[in-house]
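Keep the 3D view open while you read.

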Amino acid sequence: MRVTAEDSFIAPPVLAEVVRSGFVESRHRGSLVVLAPDGSVELSLGDTTTPIFPRSSNKPMQAAGVLHAGLDLSGERLAIAAASHSGELFHRDLVRQLLAEHGLDAGQLQCPPDLPLDPVEQETYLASGAVRDRIAMNCSGKHTAMLAASARRGWPLESYLDQDHPLQKLIHRVVEEVSGERVAAVGTDGCGAPLLAITLTGLARAYRSFVLAAPDTPERRVADAMRAHPEYVAGTRRPDTLLMRAVPGLLSKMGAEAVQAVALPDGRAVAFKVEDGAGRALGPVLGRVLDLMGVRVEGFGKVAVLGGGRAVGEIRAAF
């Protein structure tokens, strides 16, 4: 009998399952890696050595890149440069301030016009009569920082998203240095910026390097700003914010298509991806792996399954 590639394929393990009325309704498979304080692999589920697109989990590395380019950001301004912000008023106001401080305007942003990412904020935004806008787009802080870094260096502004632009080449080098591996592929992210593929192990290694970096290095400055101002990295109702507020020294950043990376101040780190891209599995999976690591945040990761407006089940980790 001839064995094909399809025959030899091994599906990744189930990381989460959806339980409705005591019945397992759906399952989410994926891959996950945990690094020990010394950087060795402590736990590996699924395939953690095949490159993925980390999506917005790459943003701390992109923010470090603009610092390496010579842009001087700190505090909330640096946090929003690494953000997938909710589009709340304080996010939009800070992006406008950053643009003005660097002699830029919203028309130079090349992220697409969008609505606020947070559903509650989106309702308020639409009720006010506002429409899709580049500043409301969750990546507008990152794009503003990229424009500002390019302006400071005298690099072209109209092509700041081209993968051959000097800033994007610098970010490429930063990703390779902190992940300890070569970028396997370059794509285009949802916001239009270059998207660099690395493995889950490389992603965890990168986050570990940020929390362990020497003080005042670009990587440590990004980590410190994110941890000090998590509401600017995410929003007032977002899991990354909750975690970074609840656990001293923890660095956390989610990415689209169900990617998550976390590092603890002792050098332990986690990275995982849910294969089908279902973001609803992120909280339960992350809550479980943190629990295995002895990090407990009351109520974190609990996701109810509703029926008739009341809880009739849950989304739960399956490992």
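This is a predicted model: local features need pLDDT of at least 70, side-chain atom pairs count only at pLDDT 80 or more; totals for chains, interfaces and linings use all residues.

Residues are numbered from 1 along each chain as its sequence is written, and side-chain values use heavy atoms, with hydrogens and water left out.

**Strands and hairpins**

Helices (H or I, at least four residues) and strands (E, at least two) are DSSP runs, numbered from the N terminus. Two strands pair if DSSP finds at least two bridges between them. Buried means under 20% relative accessible area, exposed over 50%, and partly exposed in between, using a 1.4 Å probe and protein chains only.

Start with strand β7 (residues 259-263), where five of the five residues are buried. V259, A261 and A263 point one way, Q260 and V262 the other way.

Strand β7 has a partner in β6 (residues 251-255), antiparallel over five bridges, with L251 bridged to A263. Three residues sit between β6 and β7 in their hairpin, and E257 in the turn has a positive phi of about 60 degrees. Strand β7 also pairs with β8 (residues 269-274), again antiparallel over five bridges, and here V262 has V270 as its bridge partner. The hairpin of β7 and β8 has five residues between the strands, with G267 at a positive phi near 100 degrees.

Now over to strand β5 (residues 194-197), which is covered on both faces: P194 and L196 are buried on one side, L195 and A197 on the other. Strand β4 (residues 185-188) runs antiparallel to β5, joined by four bridges, and V186 stands opposite L196. Their hairpin has five residues between the strands, and G192 takes a positive phi near 100 degrees.

**Pockets and the cavity**

The search runs on a 1 Å grid over the protein atoms alone: a cavity is a set of points where a 1.4 Å probe fits but cannot get out, a pocket is an open set with protein on both sides within 12 Å along at least five of seven lines, and lining residues have an atom within 4 Å of a point. Grid points are joined across faces, edges and corners, and a volume is the space filled by probe spheres set on the points. In the table, Ala, Val, Leu, Ile, Met, Phe, Trp, Tyr, Cys and Pro count as nonpolar, Asp, Glu, Lys and Arg as charged, and the others, Gly among them, as polar.

| Space | Volume | Lining by class |
|---|---|---|
| Largest pocket | about 440 Å³ | 10 nonpolar, four polar, six charged residues |
| Second largest pocket | about 310 Å³ | eight nonpolar, three polar, seven charged residues |
| Largest cavity | about 40 Å³ | four nonpolar, three polar, no charged residues |

The largest pocket is lined by 20 residues, with R238, P239, G279, L282 and G283 nearest its centre. Helices α11 (239-246) and α12 (282-292) each supply at least two residues of that lining. Helix α12 turns up again in the second largest pocket, giving five residues, the largest share of the lining. G287, R288, D291, F300 and K302 lie nearest the centre of that second pocket.

The structure holds one cavity of 30 Å³ or more. Its lining consists of N58, Q62, Q168, I171, V175, P194 and L196, and helix α7 (166-179) provides the largest share, three residues.

A polar atom of its side chain lies 2.8 Å from the backbone oxygen of S140. Beyond its neighbours within four places in sequence, T144 is in contact (heavy atoms within 4.5 Å) with V95, L98, L99, L104 and L109.

E88 lies in the loop between α3 (75-81) and α4 (89-101), and it counts as buried at 7% relative accessibility. Leaving out neighbours within four places, its contacts are E121, G235, T236 and R237.

E123, in helix α5 (residues 119-127), is exposed, with a relative accessible area of 62%. After α5 comes G129, with a positive phi near 95 degrees.

How values were computed: A polar contact is a pair of N or O atoms within 3.5 Å; within protein, one must be able to donate a hydrogen and the other to accept it, and residues adjacent in sequence count only if both atoms are side-chain atoms.
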